[in-house]
Amino acid sequence: MAKPVAPQEQDWFYERLRDAKVDVQLFLVNGVKLIGRIDRVDRYTILLSRGASSQVVYKHAISTVVPPTGFEIGGPDW
């Protein structure tokens, strides 16, 4: 069984994607797929932007985050 992800590791992951300014795919728990760039992250939400539109996504509604192919996450413990 996989170890649970600590909140600081989750924040580091989102911030790395934000700083890289790449488009990611977010799959929500209800099956909806969102594509966009992570512009801001706070404790409970992510601001996802694509083109001229933006949307706030609650972290608890996210099932899966898919970075672009070939994107190296890296990190001290990965």
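Contact is taken here to mean heavy atoms within 4.5 Å. The structure is a predicted model, in which local features need pLDDT of at least 70 and side-chain atom pairs count only at pLDDT 80 or more, whereas totals for chains, interfaces and linings use all residues. Residues are numbered from 1 along each chain as its sequence is written, and side-chain values use heavy atoms, with hydrogens and water left out.

Thr45 belongs to strand E3, residues 45–50 (helices, H or I with at least four residues, and strands, E with at least two, are DSSP runs numbered from the N terminus). With a relative accessible area of 17%, Thr45 is buried (buried means under 20% relative accessible area, exposed over 50% and partly exposed in between, for a 1.4 Å probe and protein chains only). When neighbours within four places in sequence are set aside, Thr45 is in contact with Arg40, Val56, Val57, Tyr58 and Lys59.

Three salt bridges are found in a search of the whole structure, the term denoting a side-chain nitrogen of Lys or Arg within 4 Å of a carboxyl oxygen of Asp or Glu. One of them joins Asp11 to Lys59, with the closest N and O atoms 3.2 Å apart. Because Asp11 lies in helix H1 (residues 7–20) and Lys59 in the loop between strand E4 (53–58) and strand E5 (62–66), this pair ties together parts that are 48 residues apart in sequence.
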